[in-house]
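Please view the sequence and the structure together while reading.

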Amino acid sequence: MMQHLIVLPVVLPLVAGILLLYRRQGATRAKRLVGVVATALLVVVGIALVARAAGGEVTYYALGDWQPPFGIVLVLDRLSALMVLLTAVLALGAVVFACAGDDERGSNFHGLFQWQLMGINGAFLTGDLFNLFVFFEVLLLASYALLLHGGGKARIQAGVHYVVLNLAGSSLFLIAVGVLYGATGTLNMADMAVRLGELPAERAGLVTAGGLMLLVVFGLKAAILPLYFWLPRAYAAAPAPVAALFAIMTKVGIYAILRVYSLVFGEHAGPLANLEQAWVWWLSLGTLVVAGVGVLAARDLRLLVAYLVLVSVGSLLAGIGMGSPAAVSALLYYLVHSTLITGGLFLLAELIGLQRGKAGTRLVKGRPLHQGGWLAGLFFVGAVAVAGLPPLSGAIGKALLMASAEGGQRAWLWPILLGTGLCALIALSRAGSTLFWRSQGEPMGLPLPRRQWFGVAWLLGASPLLVVLAGPVSDYTRATADQLANPQVMVNALLNDAGGTP
């Protein structure tokens with residue numbers, strides 16, 4: 001069984017999704033059981049993968065026993081293992097929350113949820129560019145339907161923009177893959193890295209064009225400036241458990257930039273080395289500025305959290321733009337923190353909206369909440385964490401990012417990052433006072449289901465846990481950054497080692 005561990009994050013949600021879609025009507029309890037159990041098993045598999053990758057060895061799974069560079073391979077290293085575990089933890093909180101009733105507002109929720117997990121996990125594990133495109137399409141197709149789950153004018157409008165932009169991105173992705181394949185003769189990322197080191201000068205322009213087209217595609221997925229405008233409305237309109245899962249979607253784009261440009265366009269690529277760095281650095285700072293303005297301008301709690309996702313995107317891309325192993329280590333710690341906390345805040349916004357009646361999540365005066373004390377406590381934890389205030393994990397993540405800046409980078413990153421944090425603090429303080437203090441009349445709302453409380457506590461509880469485990473987590477992210485800085489390890493594992501796992 002252990003030799004097939006690498007493929008389980010793809011096969012498990014695939015099989016679960018087929019079972020859940022086999023009977024489209026009825027059997028709600030059975031569907032919920034299958035969805036929760038499959039997602040919980042993914043958490044167990046993710047833990048096992050992290051334990052296996054922690055030693056630093058890069059392993060791969062050759063589907064059909066077709067060896068690289070010709071066969072389809074799933075690759076396990078520290079980074080892919082971390083992302084699979086992070087996805088599973090986030091998904092478990094979201095799917096348990098959905099089982100309180102959100103899953104019944106439309107059809108096929110649990111099956112589509114599992115297939116989106118399959119696409120996300122496949123994107124994190126794949127070892128070649130074409131299958132990265134395939135898994136992108138799988139996760140996007142599922143996300144189209146999940147975004148529209150339950151219907152409504154706002155979701156349909158946001159869904160149309162989301163679908164059109166991602167279809168354009170997919171077309172550009174396919175063109176970029178074709179250009180790189182034509183120039184290098186391979187799609188395996190490790191093999192492409194080797195061939196770029198021996199690339200004839202006359203093909204350098206073609207590869208540069210392909211590499212920059214990929215950067216546009218990944219930048220669209222990550223929502224970098226100026227390709228961010230689809231994100232706030234789409235995330236704010238999505239059902240709460242879907243929006244929580246979408247917190248990992250932008251990280252797929254960030255992961256792709258990290259993976260492709262550290263492996264394929266690393267130092268070995270000569271004049272093509274660090275092709276993305278200058279672009280990502282300046283655009284990440286612009287993204288932070290725009291996100292800070294959006295946070296201050298938001299007049300709805302869901303939209304506010306969506307802009308906080310954009311703040312995390314800018315912070316993470318700034319780490320990529322700095323380019324050092326210390327910056328990559330810092331961004332990985334911050335990535336774990338921001339994904340879980342923003343996911344938890346989307347779920348919390350739904351709970352608050354349910355108890356405010358017609359006021360919903362709009363930041364206007366309303367009646368007191370029936371369980372306002374507990375909701376206010378969770379909001380306080382989430383706000384402190386996401387704004388980057390001590391003693392929670394956001395402060396550690398931002399401190400690590402700022403400490404990794406070198407020379408002139410500090411003059412740009414420090415004021416912008418701290419200024420954006422101040423914007424978040426002001427906006428969250430205003431939202432909290434409006435939701436919990438500026439209320440009048442009798443309390444309203446019914447007691448909330450335990451499943452919804454579990455989903456929120458599961459994700460927001462990650463912040464104090466990341467503080468307690470800051471040492472081991474930082475050690476792991478530091479080792480991951482060092483591994484990414486040495487792409488020859490993956491090249492040797494895929495191309496020089498004999499045999500794989502069929």
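The lining of the second largest pocket consists of eleven nonpolar, seven polar and two charged residues; here Ala, Val, Leu, Ile, Met, Phe, Trp, Tyr, Cys and Pro count as nonpolar, Asp, Glu, Lys and Arg as charged, and the others, Gly among them, as polar. The model is predicted, so local features need pLDDT of at least 70 and side-chain atom pairs count only at pLDDT 80 or more, while totals for chains, interfaces and linings use all residues. Residues are numbered from 1 along each chain as its sequence is written, and side-chain values use heavy atoms, with hydrogens and water left out.

**Terms for empty space**

- Rolling a probe the size of a water molecule over the atoms shows where empty space is left.
- On a 1 Å grid over the protein atoms alone, a cavity is a set of points where a 1.4 Å probe fits but cannot get out, whereas a pocket is an open set with protein on both sides within 12 Å along at least five of seven lines; lining residues have an atom within 4 Å of a point.
- Grid points are joined across faces, edges and corners, and a volume is the space filled by probe spheres set on the points.

**Second largest pocket**

- The volume of the second largest pocket is about 370 Å³.
- Its lining has 20 residues, and those nearest the centre are Ser262, Asn274, Gly323, Leu484 and Ala485.
- At least two lining residues come from each of helix 11 (249-263), helix 14 and helix 20; helices (H or I, at least four residues) and strands (E, at least two) are DSSP runs, numbered from the N terminus.
- Helix 11 gives the largest share of this lining, four residues.

**Largest pocket**

- The largest pocket holds about 510 Å³ of space.
- Of the 16 residues that line the largest pocket, Leu85, Val336, Leu466, Leu469 and Val473 lie nearest its centre.
- Two or more lining residues are given by each of helix 3 (78-98), helix 14 (325-354), helix 19 (462-468) and helix 20 (470-484).
- This lining comprises 15 nonpolar residues, one polar residue and no charged residues.

**Cavities**

- Six cavities of 30 Å³ or more are counted.
- The largest cavity has a volume of about 90 Å³.
- Lining the largest cavity are Phe136, Leu139, Leu140, Tyr162, Asn166, Lys221, Trp230, Tyr235, Met249, Thr250 and Val252.
- Helix 5 (129-147), helix 6 (153-184) and helix 11 each supply at least two residues of the lining of the largest cavity, which by class has eight nonpolar, two polar and one charged.
- The second largest cavity, of about 70 Å³, is lined by Val58, Asp77, Arg259, Ser262, Leu263, Gln483, Leu484, Asn486, Pro487 and Met490.
- Helix 11 and helix 20 are the elements that give two or more residues to the lining of the second largest cavity, and the largest share, three residues, comes from helix 11.
- By class, the lining of the second largest cavity has five nonpolar, three polar and two charged residues.

**Nonpolar surface patch**

- Val11, Leu14, Val15, Ile18, Leu19 and Val34 make a nonpolar surface patch of about 450 Å².
- Accessible areas come from the Shrake-Rupley method with a 1.4 Å probe, and for residues only the protein chains shown count as cover.
- Helix 1 (residues 8-22) gives the largest share of the patch, five residues.
- Val15, in helix 1, is partly exposed at a relative accessible area of 40%; buried means under 20%, exposed over 50%, and partly exposed in between (1.4 Å probe, protein chains only).

**Backbone sites**

- Pro68 and Pro69 are joined by a cis peptide bond with omega of about 10°, and Pro69 lies in the loop between strand 1 (59-62) and strand 2 (73-76).
- Another cis peptide bond runs from Leu225 to Pro226, with omega near 5°; Pro226 is placed in the loop between helix 8 (204-222) and helix 9 (231-237).
- Asn108, a residue other than glycine, has a positive phi near 65°; Asn108 is in the loop between helix 3 and helix 4 (109-125) and is buried at 15% relative accessibility.
- Ala223 also has a positive phi, near 70°; Ala223 lies in the loop between helix 8 and helix 9 and is buried at 0% relative accessibility.

Methods
Patch = residues over 30% accessible without salt bridge, like charges linked within 9 Å, V, L, I, M, F, W, Y side chains within 5 Å. Salt bridge = Lys/Arg side-chain N within 4 Å of Asp/Glu carboxyl O.
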